[in-house]
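Hi,

Here is the model I promised to pass on. Have a look at it first, and my notes on what turned up follow below.

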Amino acid sequence: VPPFGPRNLMWFDSALSTLAHTDLTEPEKASLIMGLMTYVRGGYRLSMELSAGFKENPAAFGRQYHNALTQLVDPRRYPALSKLVASGVFDEETLWAEDSNGFDTDFEFGLAVYLDGIAAYLERRC
């Protein structure tokens, strides 16, 4: 759903204004901000779903998940996922946890990469 309602429109306007000093076209500005909104909303939704799932079954968010993936993921069918599982990234007591400062490190990382991509795009246009 596109931004609608006073708060969403205010946020959309504020986000667009951060790009006012660029030579981006209006459609480019809209596309970049809509992409950012999609990332933020998707991250928030995933966070809420994971939080609800964790409350329901905390054990499923740690080594139990790793062990299940180890059994289910066939390296011939899922070579990239198999490599990720074998790396041990899911073999932790608690997955998708906030860091000691209360930040969701996966979300922060993804946001930084998204914003770096916008910066690189702007730099190429100069």
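Let me start with Lys29, which counts as buried because its relative accessibility is 8%. The scale behind that word: buried is under 20% relative accessible area, exposed is over 50%, and partly exposed lies in between, with a 1.4 Å probe and protein chains only.

Some housekeeping before the rest. This is a predicted model, so local features need pLDDT of at least 70 and side-chain atom pairs count only at pLDDT 80 or more, while totals for chains, interfaces and linings use all residues. Residues are numbered from 1 along each chain as its sequence is written, and side-chain values use heavy atoms, with hydrogens and water left out.

Overall layout

The protein chain has five helices and zero strands, running α-α-α-α-α from the N terminus on. Of the 126 residues in the chain, 21% are buried. Among contacts with a separation of 6 or more, 59% are between residues 24 or more positions apart; contact here means heavy atoms within 4.5 Å.

Salt bridges

Back to Lys29: what does its side chain pair with in a salt bridge? The partner is Glu26, at 3.0 Å from N to O. A salt bridge needs a side-chain nitrogen of Lys or Arg within 4 Å of a carboxyl oxygen of Asp or Glu. Both residues sit in helix 2 (residues 26-56), three residues apart, or about one turn of the helix. Glu26 counts as exposed because its relative accessibility is 54%, whereas Lys29 is buried.

The structure holds five salt bridges. One of them joins the side chains of Arg125 and Glu28 at 2.4 Å, N to O. That pair ties together distant parts of the chain, with Arg125 in helix 5 (residues 105-125) and Glu28 in helix 2, 97 residues apart. Arg125 has a relative accessible area of 28%, so it is partly exposed, and Glu28 is buried at 19%. Asp23 belongs with them too: Asp23, Glu28 and Arg125 are linked in a network of salt bridges.

Further along helix 2, Arg45 and Glu49 lie four residues apart, about one turn of the helix. They form a salt bridge as well, with the closest N and O atoms 3.0 Å apart. Arg45 is exposed at 57%, and Glu49 is partly exposed at 46%.

The core

Which residues make up the largest nonpolar core? There are nine: Phe12, Ala15, Leu19, Leu24, Leu32, Ile33, Met37, Ile118 and Leu122. By core I mean a set of buried Ala, Val, Leu, Ile, Met, Phe, Trp, Tyr and Cys residues joined through side-chain atoms within 4.5 Å. As background, nonpolar side chains tend to be buried together in soluble globular proteins.

Leaving aside neighbours within four places in sequence, Leu24 is in contact with Leu19, Lys29, Leu32, Tyr121, Leu122 and Arg125.

Helix 1 against helix 2

The axes of these two helices come within 10 Å and cross at roughly 125 degrees. That makes helix 1 oblique to helix 2. The contact set is Asn8, Trp11, Phe12, Ala15 and Leu16 in helix 1 with Lys29, Ala30, Ile33, Met34, Leu36, Met37 and Arg41 in helix 2. On conventions, axes are lines fitted to C-alpha atoms, for helices over the stretch in contact, with angles from 0 to 180 degrees between N-to-C directions. Under 35 degrees counts as roughly parallel, over 145 as roughly antiparallel, 65 to 115 as roughly perpendicular, and the rest as oblique.

His66, in helix 3 (residues 63-72), counts as buried at 12%. Setting aside neighbours within four places in sequence, His66 touches Val85, Phe90 and Asp91, all in contact. Ser82, in helix 4 (residues 79-86), is buried at 16%. With the same exclusion of neighbours within four places, Ser82 is in contact with Val73 and Pro75.

Cheers
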